[in-house]
Amino acid sequence: MIDPDVLRALQEAMSLLSEAMEYLKEARALLEQRRVSREARSRALELTIVSNYRVQRAHRILTDVLTRLLEGGCDV
């Protein structure tokens, strides 16, 4: 049985990574337009920054879970 805390952490990490991918898809779509306005570039940068935050948060969660697993601090 998977430890409920581990399961919640993994679900949160997956959710963060999914959100990050959606933000990057939107940013890419903005930048692939024939003419990219200053506002579109600014929005794409904003989306990329938010995506990066989500990826960093997911990384911290996954690192914590893996560290706990390796140290024997939780059951999988």
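Is glutamate 46 buried, partly exposed or exposed? I looked this up and found glutamate 46 partly exposed, with a relative accessible area of 42%. For the cut-offs, I noted that buried means under 20% relative accessible area, exposed over 50%, and partly exposed in between (1.4 Å probe, protein chains only).

**Ground rules.** I am working on a predicted model, where local features need pLDDT of at least 70, side-chain atom pairs count only at pLDDT 80 or more, and totals for chains, interfaces and linings use all residues. Residues are numbered from 1 along each chain as its sequence is written, and side-chain values use heavy atoms, with hydrogens and water left out.

**Entry: glutamate 46 and its partner.** I found a salt bridge from glutamate 46 to arginine 43, with the closest N and O atoms 2.6 Å apart. I used this rule: a side-chain nitrogen of Lys or Arg within 4 Å of a carboxyl oxygen of Asp or Glu. Both residues lie in helix H2, 3 residues apart, about one turn of the helix. I took helices as DSSP runs (H or I, at least four residues), numbered from the N terminus. Arginine 43 has a relative accessible area of 32%, so I list arginine 43 as partly exposed. I also noted a network of salt bridges that links Glu26, Arg43 and Glu46.

**Entry: the count.** By the salt-bridge rule I get 8 salt bridges.

**Entry: helix H1.** I checked arginine 8 and aspartate 5 next. Their side chains meet in a salt bridge at 2.4 Å, N to O. Both sit in helix H1 (residues 4–31), 3 residues apart, about one turn of the helix. Aspartate 5 is partly exposed, at 39% relative accessible area.

**Entry: helix to helix.** Which residue forms a salt bridge with glutamate 12? I found arginine 57, with the closest N and O atoms 3.4 Å apart. This pair links distant parts of the chain, with arginine 57 in helix H2 and glutamate 12 in helix H1, 45 residues apart. Arginine 57 is partly exposed at 28%. Glutamate 12 is partly exposed too, at 36%.

**Entry: nonpolar patch.** Met14, Leu17 and Val55 make a nonpolar surface patch of about 250 Å². My patch rule takes residues with over 30% relative accessible area and no salt bridge; like charges are joined within 9 Å, nonpolar side chains (Val, Leu, Ile, Met, Phe, Trp, Tyr) within 5 Å. Areas come from the Shrake-Rupley method with a 1.4 Å probe, and for residues only the protein chains shown count as cover. Valine 55 lies in helix H2 (residues 38–70). Its relative accessibility is 37%, so I count valine 55 as partly exposed.

Definitions and conventions
Helices (H or I, at least four residues) and strands (E, at least two) are DSSP runs, numbered from the N terminus.
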